[in-house]
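Here is a short briefing on how the parts of a structure pack and pair. Keep the 3D view open and find each element as you read.

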Amino acid sequence: MSRTDPVPDHPFAPRPGAAGVPQMLARQTSLELRLLLRNGEQLLITLVIPILVLVGVSLVHAVDVGSGRRIDVVTPGVFSLAVLSTAFTSLAIATGFERRYGVLKRLGATPLPRWGLIAAKSATVLVVELGQLLVLAGVASSLGWSPRGSWLELVPLLLVGTAAFSGLGLLMAGTLRAEATLAAANLVWLLLLAGGGIIVPLSRLPAGVAAGLSVLPSAALTEGMRAVLQHGSGLPAGPLVVLAVWALLGVGTASVAFRWE
Amino acid sequence: MRPAYTRSVPAPAVEVIDLVKRYGDLVAVDGLSFEVPAATVTAVLGPNGAGKTSTVECCEGYRRPDRGSVRVLGLDPRRDGHRLRPRVGVMLQQGGIYPTVRAVEMLRHVAGLHAHPLDVDMLVERLGLGATGRTPFRRLSGGQQQRLSLALAVVGRPELVFLDEPTAGLDPQARRATWDLIAQLRTDGVTVVLTTHYLEEAERLADRVLVVDHGRVIAAGSPAELTHREGQGALRFRAPAGLDLASLRAALPDAVTVAESSSGGYEVRGALDPHLVAAVTTWCATHGVMPEGLTLARRSLEDVFLELTGRELR
């Protein structure tokens with residue numbers, strides 16, 4: 001009989017122990033991904049709406065997106081929208097309700113440490129973003145999108161942008177009631193989509209407005225994406241700095257203010 | 001039978017000394033002390049709002065005591081939480097589970113966070129969760145949700161489990177399955193602390209009962225000790241109406257009362273012991289009276305609670 005077998009007639013005989021950290025992280029990430037993919041509303045905001053925006057804005061000439069091929073202007077913006085949807089709105093809503101339903105409290109009694117839960121959530125967000133970008137890039141290509149620049153240069157932009165939005169999303173989820181988080185996360189998403197520099201390039205706006213918008217994380221991420229993918233320039237420092245400041249503010253405040261139950 | 005588990009921790013499994021927990025002006029726990037010996041079942045019994053959950057949550061590390069000390073398996077649940085979590089199973093009073101997760105999926109998940117978990121299939125069968133299939137947690141019946149929550153508390157093979165109201169709202173069959181599992185935990189060497197406001201549950205499962213009210217322990221002991229402490233009880237029998245009560249009374253010890261509570265229904269109240277029973281039946285034999293339906297009724301925990309607090313438990 002191997003040592004892992006329970007003692008006969010004593011199936012519940014104590015044999016406590018935590019699983020290895022890599023296994024715990026993999027399990028938690030896998031569960032979070034499955035639950036997310038099962039959630040229709042989350043898929044709507046992370047995938048369906050970005051695809052509709054991509055197709056709609058690039059084919060219908062209702063919005064002035066400035067010079068250049070429409071699809072080349074719109075695609076980086078939709079990438080940015082995808083990050084906003086997943087790292088901010090979807091994460092905030094899911095975490096807000098997990099907190100409200102006591103899931104975070106209950107998980108706190110398992111061997112999974114809190115930092116492990118945050119790590120699993122971050123991994124989940126990054127995996128979903130990767131999937132979103134692949135799908136959106138496929139759709140954009142079929143519409144004639146021809147990116148310049150290097151995908152590798154997007155990586156730091158995506159990571160810092162994701163950190164910024166995740167910090168803000170967790171701050172919201174960890175301090176507001178779940179219903180308030182639901183409403184606010186969707187409202188902010190809508191406001192940033194409409195006026196956060198995602199669709200219309202800042203260069204098409206009056207200088208004062210553009211300067212104001214450029215400090216928003218949505219505008220910074222989008223401008224960075226456009227610099228790399230549309231103009232083929234190197235990684236732009238300005239947007240990266242803006243995103244890094246938001247990331248520090250968001251993650252820093254969330255780590256102090258987050259209430260687990 | 002060899003011991004199921006060799007304990008590395010000296011008793012007691014839980015030690016609470018002079019615990020105080022306040023929420024603003026409300027004093028939920030007011031100087032509460034108790035010990036839980038290892039490998040026993042302790043029931044914390046009391047009405048809603050007695051401070052049961054606050055006490056347990058201080059032991060689980062969720063709440064910071066305002067005063068007093070809490071040791072769990074010899075450790076401080078706030079400071080040493082990361083060392084305790086693999087060793088302690090927790091069943092919350094409600095919630096704590098993703099609304100969209102499936103029962104077995106959640107159980108496998110938590111099992112996977114432990115090094116030597118129980119066999120999930122065994123647990124699923126034992127608690128009757130096999131029929132839940134792909135149903136999301138939020139659509140399970142209350143009883144299924146409760147049983148899943150219990151399964152999550154034990155799946156990691158903990159040394160100690162805290163079960164907050166484990167059978168609240170369960171139907172009799174599910175309650176029996178839960179009781180059987182708790183009894184098995186005890187047999188297998190797991191220490192169990194449960195809160196309940198069901199007297200039957202405490203009487204049936206617990207080695208030790210703590211009766212808690214207004215954040216204090218107002219009585220503690222085994223169910224037998226609690227119900228026999230004052231030796232109060234009633235001996236009842238039926239016989240022809242109009243027996244000579246004065247004669248019977250004279251044959252019995254001083255502190256005993258005798259009454260014909262209904263026509264032909266007699267009740268002797270006092271400290272029940274074999275001598276009292278013998279004295280009653282001897283008197284009956286002497287007077288040619290057959291005590292039909294002779295019963296001895298000891299106090300229930302309900303009576304104890306009523307006497308201690310002047311209130312009903314529920």
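**A hairpin to start with**

In chain B, strand 8 and strand 9 form a hairpin with two residues between the strands, and B:His214 takes a positive phi near 50 degrees there. The model is a predicted one.

**The hairpin strands of chain B**

- Strand 8 covers residues 208–213 of chain B, and strand 9 covers residues 216–221.
- The two strands pair in the antiparallel sense over five bridges.
- One bridge to find is that of B:Val211, whose partner in strand 9 of chain B is B:Ala219.

**The three-stranded sheet of chain B**

- Three strands of chain B make an open sheet in the order 2-1-4, with antiparallel pairing.
- Strand 2 (26–36) and strand 4 (67–72) of chain B are the edge strands, and each pairs on one side only.
- Neighbouring strands of this sheet are turned against each other by 25 degrees on average, direction ignored.
- Strand 1 (residues 14–23) and strand 2 of chain B pair over eight bridges in the antiparallel sense.
- Look for B:Val20: its bridge partner in strand 2 of chain B is B:Asp30.
- Helix 1 (residues 52–60) of chain B packs on this sheet and touches strand 1, strand 2 and strand 4 of chain B.
- The direction of helix 1 makes about 120 degrees with that of strand 1 of chain B.

**The four-stranded sheet of chain B**

- As background, strands of a sheet pair through backbone hydrogen bonds, either parallel or antiparallel.
- An open sheet of four strands in chain B has the order 11-12-10-13, and its pairing is antiparallel.
- Why is one side of strand 11 and of strand 13 of chain B left without a neighbour in the sheet? Strand 11 (257–262) and strand 13 (292–298) of chain B stand at the edges with a single partner strand each, so one side of each has no neighbour in the sheet.
- Strand 10 (residues 232–238) of chain B pairs with strand 13 of chain B over five bridges, in the antiparallel sense.
- B:Ala234 stands opposite B:Ala297 in strand 13 of chain B.

**A helix pair in chain B**

- Two packed helices are described by the angle between their axes and the distance between the axes.
- Helix 3 (residues 103–112) and helix 5 (residues 142–154) of chain B pack at an angle of about 15 degrees, and their axes are 10 Å apart.
- Helix 3 and helix 5 of chain B are therefore roughly parallel to each other.
- Helix 3 of chain B passes helix 5 of chain B in a right-handed crossing.
- From helix 3 of chain B, the residues B:Ala103, B:Met106, B:Leu107 and B:Val110 take part in the contact.
- They meet B:Gln144, B:Leu148, B:Ala151 and B:Leu152 in helix 5 of chain B.
- The residues of this contact between helix 3 and helix 5 of chain B are seven nonpolar, one polar and no charged.

**Chain A and its helices**

- Chain A has ten helices and zero strands.
- Its C-alpha trace spans about 75 × 35 × 30 Å along the principal axes of chain A.
- Helix 3 (residues 70–100) and helix 7 (residues 178–195) of chain A cross at roughly 170 degrees, and their axes come within 8 Å.
- That angle makes helix 3 of chain A roughly antiparallel to helix 7 of chain A.
- Residues in this contact include A:Leu84, A:Phe88 and A:Ala92 of helix 3 of chain A, and A:Leu182, A:Ala185 and A:Trp189 of helix 7 of chain A.
- By class, the contact of helix 3 with helix 7 of chain A has twelve nonpolar, five polar and two charged residues.

**Where the chains touch**

- In all, 30 residues of chain A are in contact with 36 residues of chain B.
- Helix 1 (21–37) and helix 4 (103–107) of chain A are the elements that give two or more residues to the side of chain A that touches chain B.
- Helix 1 of chain A gives the largest share of that side, five residues.
- The side of chain A that touches chain B has 17 nonpolar, seven polar and six charged residues.

Methods. Residues are numbered from 1 along each chain as its sequence is written. Chains are lettered from A and ligands numbered from 1 in the order in which they are written. This is a predicted model: local features need pLDDT of at least 70, side-chain atom pairs count only at pLDDT 80 or more; totals for chains, interfaces and linings use all residues. Axes are lines fitted to C-alpha atoms, for helices over the stretch in contact, and angles run from 0 to 180 degrees between N-to-C directions. Angles under 35 degrees count as roughly parallel, over 145 as roughly antiparallel, 65 to 115 as roughly perpendicular and the rest as oblique. A crossing is left-handed if the near helix is turned anticlockwise from the far one by less than a right angle, and right-handed if clockwise. Two residues are in contact if their C-beta atoms, placed from the backbone, lie within 7 Å. Ala, Val, Leu, Ile, Met, Phe, Trp, Tyr, Cys and Pro count as nonpolar, Asp, Glu, Lys and Arg as charged, and the others, Gly among them, as polar. Two strands pair if DSSP finds at least two bridges between them.
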